[in-house]
Amino acid sequence: VYRSIARLSNSDLTVMILGESGTGKSLLAESLHQHGKRRDSSFVSANIAAIPRDSIESELFGFSTGRLSTASDSDIGKIAMADDGTLFLDEIGEMPFEVQGRLLRFLQEGVYNIRGENKEMKANVRIISSTQKNLLGLIADGLFREDLYYRLNVVPLRLPPLRERIDDIPILVGHFLNQFQGEFPMAIDIKSAAMNTLKDYHWPGNVRELKNLIQRVSALYPNESITSEVIKHELMAEAPKKDTVRDMSEDGLAGTIDRHLENYHQHQL
């Protein structure tokens, strides 16, 4: 990934970042901007999944009532904010089909219209997008434009899930412990057996989930040695399922976690 960032440092190519939730897609997008030739200009982020569907067009292209009597009558869009810089479109697979055509036109011609106005606007923006969805599947279902996909997917970068990079876990744990030291000044010690438990877990929330776990452990167990049992307890506390709760009454907490890990590895084999 970092080699790709270096190769793209002098390029304005459109990049699509692929990866599950929590793998660091936003962090990669910011890194591409900070190491690129637009680093001195704005980096603007728009999480498409977090914007109401009927507001996405206005958020991106701006909105005008046509009166322009007050500041609230004209709202600048994300594209204008990112002029000469980078616009990161997070979760591009959530973009409504009717807005995709306008984005395609901007990518092709560099022009767009503010909603409510007929005047064409220009902007020089590098587009980076991300998704955890299968866009080719959305194209087959008629939910995503194929021509827009190829415009966005000039350089695809895949961020692997944490379960595919378990050797990074000790490095990430050390980084997060240092990061939280100012917030929780009393140090903790994570034993080797506890680290092995972290490596054995399947991490559905990826690096974000690991960060949250280390922050919680730092707060709850100051100046303590963190054992494998503590890690298992905190992992179980994150999102217990109905069948997990039932199994806990039968096998106990440690037995449930051990059986879960065993079943996971058998499934992988």
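A salt bridge here is a side-chain nitrogen of Lys or Arg within 4 Å of a carboxyl oxygen of Asp or Glu. Keep that in mind, and note that this is a predicted model.

Let's start with those pairs. Side chains of opposite charge can pair when their charged atoms come close. The whole structure holds 11 salt bridges. One of them joins Arg 102 and Glu 57, at 2.4 Å from N to O. Arg 102 sits in helix α5, residues 97–109, and Glu 57 in helix α3, residues 56–61.

Next pair: Glu 120 and Arg 105. Their side chains meet at 2.3 Å, N to O. What does this pair tie together? Glu 120 is partly exposed, at 47% relative accessibility. Arg 105 is also partly exposed, at 25%.

Asp 189 is partly exposed at 36%, and Lys 191 is partly exposed at 38%. Back to Arg 105 for a moment. Shared partners join Arg 105, Glu 109 and Glu 120 into one salt-bridge network.

Now a buried residue. Look at Phe 88, in strand β5, residues 86–90. Why does Phe 88 count as buried? Its relative accessibility is 1%, and buried means under 20%. Beyond its neighbours within four places in sequence, Phe 88 touches residues including Lys 25, Ala 29, Phe 43, Val 44 and Ile 128. Lys 78 is 10 residues from Phe 88 along the chain, and their C-alpha atoms are 9.5 Å apart.

On to strands. In a regular strand the side chains alternate between the two faces of the sheet. Take β9, residues 155–158. Val 155 and Leu 157 make its covered face, while Pro 156 and Arg 158 make the uncovered one. Strand β1, residues 15–18, runs parallel to β9, with 4 bridges joining them. Val 15 has Val 155 of β9 as its bridge partner.

Last, two helices. Helix α9 covers residues 192–200, and helix α11 covers residues 228–238. Their axes come within 7 Å and cross at roughly 35°. From α9, the contact uses Ala 193, Ala 194, Thr 197 and Leu 198. From α11, it uses Ser 228, Ile 231 and Lys 232. By class, that is 4 nonpolar, 2 polar and 1 charged residues.

Definitions and conventions. Residues numbered from 1 in each chain as written. Predicted model: local features only at pLDDT ≥ 70, side-chain atom pairs only at ≥ 80, totals over all residues. Heavy atoms only, no water. Buried < 20%, exposed > 50% of the residue type's maximum accessible area, 1.4 Å probe, protein only. Pairing = 2+ DSSP bridges. Axes fitted to C-alpha atoms, helices over the stretch in contact; angles between N-to-C directions. Contact = heavy atoms within 4.5 Å. Nonpolar A, V, L, I, M, F, W, Y, C, P; charged D, E, K, R; others polar.
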